[in-house]
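Walk me through this protein model.

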Amino acid sequence: MRRSTLATLCLTAVTATLSLTACGPGGAAGSGDKPKAPFADLSGPQIANKAMKATRGATSLTIKGNAADGDGGQIALDVALDKKGECTGSMGMNGQGKVDLIKTGPTVYLKSDEAFLRAQSKGESKADTDAVVKMLAGRWMKSKADSPDAKDMADFCDLDSMLADFKSNDTLARKGRATTVDGTPAFTVTETDGKDEFTLYVATEGKPYVLKLVTKSAKEPASLTFSDYDKPVEAAPPADKDIVDLDKLDG
């Protein structure tokens with residue numbers, strides 16, 4: 001649960017043993033035996049690394065919450081993505097509007113609201129900004145995934161790329177407590193770095209997926225939940241009548 005791993009999950013744009021189940025050894029407890037607590041036979045680092053490995057192996061997931069953008073601001077996320085590079089959802093930047101996102105096949109579609117377009121047009125004349133808003137607000141902008149306008153977003157939509165650094169490491173995570181995340185049983189592990197504190201919530205039923213990541217930090221706070229593991233990502237293109245083709249506009 002090192003800072004490099006967390007930075008990946010928080011997007012600059014958020015990882016063990018395979019022989020154990022998520023809740024420790026199975027089988028019925030003997031007469032008079034108390035049931036074991038979640039991950040009773042694992043240390044904090046083992047729990048964290050087990051969660052990282054399981055999460056990296058997921059075929060798809062949904063990430064939702066708020067994370068630092070690397071420039072002192074916050075990104076609000078609600079995006080489903082998979083290892084095929086398909087994704088759909090939305091992002092907000094520092095409270096300055098929202099962008100809806102769809103990537104399917106070799107094409108990226110973005111739809112910005114008026115607030116976002118105006119925030120991104122700072123420094124431009126009012127006439128130019130008004131023209132951009134009139135043309136693009138509430139409409140889907142279509143672009144090839146490998147084009148300069150869309151490449152960063154297309155890379156974000158690749159779950160393998162997002163989780164590339166989410167792997168076993170020499171974490172010093174401490175075991176925490178049993179809890180729940182949106183009703184799902186979980187167990188926490190916590191690590192500190194100076195005044196910053198990172199808490200990982202790990203599923204204790206089924207695969208030990210990461211369910212939540214909370215960063216307490218004066219400069220880079222974050223709270224992200226991870227859900228819908230291995231569920232299909234329904235990324236369908238918008239209707240043609242609602243699309244502006246950016247590649248054609250650029251000539």
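A disulfide here is a pair of cysteine sulfur atoms within 2.5 Å. This structure, a predicted model, holds one. C87 and C157 form it, with their sulfur atoms 1.8 Å apart. C87 sits in strand β3 (residues 87-93), while C157 is in the loop between α5 (151-156) and α6 (159-162), so the bond ties together parts 70 residues apart in sequence. Helices (H or I, at least four residues) and strands (E, at least two) are DSSP runs, numbered from the N terminus. Both cysteines, C87 and C157, are buried. Buried means under 20% relative accessible area, exposed over 50%, and partly exposed in between (1.4 Å probe, protein chains only).

Next, turn to E191. This residue lies in strand β8 (residues 184-193). E191 is buried too, with a relative accessible area of 13%. Its side chain reaches the backbone nitrogen of L172 at 3.3 Å.

Now for confidence. pLDDT is the predictor's confidence in each residue, from 0 to 100. The protein chain has a mean pLDDT of 81, and 84% of its residues reach 70 or more. Confidence is highest in strand β7 (residues 174-181), at 95, and lowest in helix α1 (residues 3-9), at a mean of 29. Over residues 1-32 the pLDDT is below 50. Beyond near neighbours in sequence, that stretch still has 89 contacts in the model (heavy atoms within 4.5 Å). Where pLDDT is low, the predicted coordinates should not be read in detail.

Residues are numbered from 1 along each chain as its sequence is written, and side-chain values use heavy atoms, leaving out hydrogens and water. Local features need pLDDT of at least 70, and side-chain atom pairs count only at pLDDT 80 or more, whereas totals for chains, interfaces and linings use all residues.

Terms used: A polar contact is a pair of N or O atoms within 3.5 Å; within protein, one must be able to donate a hydrogen and the other to accept it, and residues adjacent in sequence count only if both atoms are side-chain atoms.
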